[in-house]
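Visitor: I have a list of labels for this model. Please take me through what stands behind them.

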Amino acid sequence: MLKLEQIYKLDISKLNELLDDELNIAYNEIFARHGHDFQSKELRKHFIGCVWYCPIFGKTVSLEELNEKRELEEEPLFANARNAAAGS
């Protein structure tokens with residue numbers, strides 16, 4: 001979804017340039033990288049096309065699991081989602 005150099009330099013201005021479908025893919029990529037087995041046909045189809053994606057049958061990756069691994073501390077996609085949820 002995002003170029004390699006964008007993974008480490010992703011900022012809110014880049015997120016604002018993404019279409020809704022692209023934002024959904026970008027958001028779910030961190031789950032995919034942890035082996036999440038997607039039920040959504042669209043997400044499954046997209047990530048199966050990524051050479052790095054290795055789904056673990058029946059695995060559900062949760063936000064809590066990623067938080068425990070400290071994966072989300074500097075992740076703009078999740079910070080943006082948290083800020084939007086807090087403003088609702």
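Guide: We go label by label, each value against its cut-off.

Guide: This is a predicted model, where local features need pLDDT of at least 70, side-chain atom pairs count only at pLDDT 80 or more, and totals for chains, interfaces and linings use all residues. Residues are numbered from 1 along each chain as its sequence is written, and side-chain values use heavy atoms, with hydrogens and water left out.

Visitor: Why is Trp52 called partly exposed?

Guide: Its relative accessible area is 30%. Buried means under 20%, exposed over 50%, and partly exposed lies in between (1.4 Å probe, protein chains only). Therefore Trp52 is partly exposed.

Visitor: Where does Trp52 lie?

Guide: In the loop between helix H4 (41-48) and helix H5 (63-68). Helices are DSSP runs (H or I, at least four residues), numbered from the N terminus.

Visitor: What does Trp52 contact?

Guide: Glu29, Ala32, Arg33 and Phe47, leaving aside neighbours within four places in sequence. Contact means heavy atoms within 4.5 Å.

Visitor: What makes up the largest nonpolar core?

Guide: It has 11 residues, among them Ile25, Ala32, Phe47 and Cys50. Helix H3 (20-32) and H4 are the elements that give two or more residues to this core. H3 gives the most, with 4 residues. A nonpolar core is a set of buried Ala, Val, Leu, Ile, Met, Phe, Trp, Tyr and Cys residues joined through side-chain atoms within 4.5 Å.

Visitor: Why is Cys50 called buried?

Guide: Its relative accessible area is 15%. That is under 20%, so Cys50 is buried. Cys54, at 54%, is over 50% and so counts as exposed.

Visitor: How many disulfides are found?

Guide: A search of the whole structure finds 0. A disulfide requires a pair of cysteine sulfur atoms within 2.5 Å.

Visitor: What makes Glu29 and Arg33 a salt bridge?

Guide: Their closest N and O atoms are 2.9 Å apart. The definition asks for a side-chain nitrogen of Lys or Arg within 4 Å of a carboxyl oxygen of Asp or Glu. So the pair qualifies. Glu29 is buried at 10%, while Arg33 is partly exposed at 44%.

Visitor: How many salt bridges does the whole structure hold?

Guide: The search finds 3. Asp37 and Arg44 meet at 2.7 Å, N to O. Glu65 and Lys59 meet at 3.8 Å, which is within 4 Å, so this pair counts too.

Visitor: Is Asp37 buried or exposed?

Guide: Buried, because its relative accessible area of 7% is under 20%. Its partner Arg44 is partly exposed at 31%.
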